[in-house]
Amino acid sequence: MTATSPSTSTSRPAAPTSAARVALRPLGIGDVRIGGFWADRQRANASAIPLGRQRLEEAGNLQNLRIAAGQADGEAIGPVFADSDVYKWLEAVAWEYAREPSDALLEMQREVTALVAAAQSDDGYLNSVVQVRHRDQRYTDLPWSHEHYCAGHLVQAAVAQVRCTGDTALLDVAVKLADHLADTFGEDRRHDVDGHPVIEMALVELYRVTGDPRHLELARYFTEARGHGLMAGYGQEPTYFSDRVPVREATTVEGHAVRAVYLAAGAADLAAELGDDGLLDALRTQFDHMTATKMYVTGGLGSRWDREAFGDPYELPTDRAYAETCAAIGGVQWAWRMLLATGDARYADAIERMLFNGFLSGVSLAGTEYFYVNPLQHRSDAHADGNRSPAHGRRGWFDCACCPPNVMRTLAGLEGYIASRDDSGLQLHQYAPGTVTAGDTALTVETGYPWDGLVRVRVDAAPGPVTLSLRVPAWAEGATVGGAPAGPGYVRVQAAAGDVVELRLPMEVRTTTAHPRVDAVRGCVAVERGPLVYAAEQADHDTPVDDLRIDLGAPRVSEHRPDLLGGVTVVTAGELTLVPYYAWANRGPAPMRVWIPTT
């Protein structure tokens, strides 16, 4: 089994090899260009990336690497996983360079990459905090040391860098580190796993670039070794670490939300490359149970502040929702891999919900301030609980700064989630104005989505009839394609050069009722329009938000307000005024609620 050589690899993230068993394949770098709503968010993100480097300097992340490299003296600063923030930022730089190349980005990338390379030990080991703070005490506290976790983010940054810029400097570091891990861990070596998954996903991606079977085998080992209680050997309870049940035996997600979805995303990559239907079936079951019983209406994941964890089924409190921004990102990564493997539209539906709501709420409209936690209710008298509390409003950085660079890399590489291809044609999964190209086929998409439900797809070039698959979201009852009733799922249309296909998605305001077992919102409804979940924010009401009620019989009116919150469609229902959930707290921290009691 071989993969594309680094010099010619131009695929997006989660790019399966030619031998992988998948239904769909991602498009290449530059094959998708988007405008409109998401382009506005990307431009704001682009302005934040240089600021991210400044934050990494101020927080000591880069200084740790200098000390490890022998370029400075001092003690390590910050958490043991401080290096991972540098690597996520480097990945953001790479994807942003692919989107909008600039010498300034390339200079930043090369400078920080050189620092990372200088910090690496001769045998390939790299974790600056452990190297400086603990000297020779490698891998002595794997539940908490995040050594493999940091390695995973380094590998992901290296893969993005070589695909986007052609530079192999970071890839050389990543291969050396991965080879060190392969020499250290495995069935016939040290039998152990890191407390925080991500190395599994990263090693499969590295294999897709290098073609080295050792990288795929190590990914398989780390995936299969987890779930057998190895954390208990360190005196730790294994649930938090996704180490209680083997991944192919699990029926749901549990424990720390980000850990759980990162592990599942890596397992999905592994299932694709190995053609492992049993593993893929287990992941289907887990994903279905998560979305049915453990996902918020916003796509938020993780209901407990305690240990940033998934709760029990239907344990979905609103004001105490954790719904970490990184968990939504990991959920998107997992759903994308499941979509490629199966071609099932429900995964694209989940991506849409998570991106527009649970993820996007985590960053300000300016792109420079972030939420770590994304609750669905913020009470008038809420107490500020730590520097990650929404009561403080969005912040420019955190003591645990995993979310800001994670947002940066996700927005910079967003084009990768828009479309895919198979032997028959192209699939459009997410809607944004722009262009899509695959070989001799070129499309132009015109739409005002998410505010307007009309999507016009023009075939600009095609060697002959091509099959276009347009996703009709599950919420879009009454949708039409070419005037005919459609959906939900993918509607396949035969088209040739010069043809225009019209998809119309209804944008009526709708109310959603939770499952009756969700005690926290019984007697309440959430308001949705298109892919967006709406919220009542105090800035729009004289009555305290805590006391608001919704009259289900009141007319619901939509009005686009270009002057408000960067341009949003506002929904009014009686005396209620609702704005998109993602946009809350851009007028300062204020009371807010998504689930509204009925009259």
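**Reading a helix and a sheet**

Biologist: How far apart should the end C-alpha atoms of helix H4 (residues 103-119) be, and how far apart are they?

Modeller: The expected span of a helix is 1.5 Å times one less than its number of residues, so the 17 residues of H4 should span 24 Å, and its end C-alpha atoms, at 25 Å apart, agree with this. Helices (H or I, at least four residues) and strands (E, at least two) are DSSP runs, numbered from the N terminus. This is a predicted model, in which local features need pLDDT of at least 70 and side-chain atom pairs count only at pLDDT 80 or more, while totals for chains, interfaces and linings use all residues. Residues are numbered from 1 along each chain as its sequence is written, and side-chain values use heavy atoms, leaving out hydrogens and water.

Biologist: Which residues of H4 are buried?

Modeller: An α-helix has 3.6 residues a turn, so residues three or four places apart point the same way. Buried means under 20% relative accessible area, exposed over 50% and partly exposed in between (1.4 Å probe, protein chains only); in H4 the buried residues include Leu105, Met108, Val112 and Leu115.

Biologist: In what order do the strands of the open sheet lie?

Modeller: Two strands pair if DSSP finds at least two bridges between them, and here five strands form an open sheet in the order E1-E4-E5-E9-E12, with mixed pairing. The edge strands, E1 (25-26) and E12 (489-495), each pair on one side only. Strand E9 (residues 466-472) pairs with E12 in the antiparallel sense over seven bridges, and leucine 468 stands opposite valine 493 in E12.
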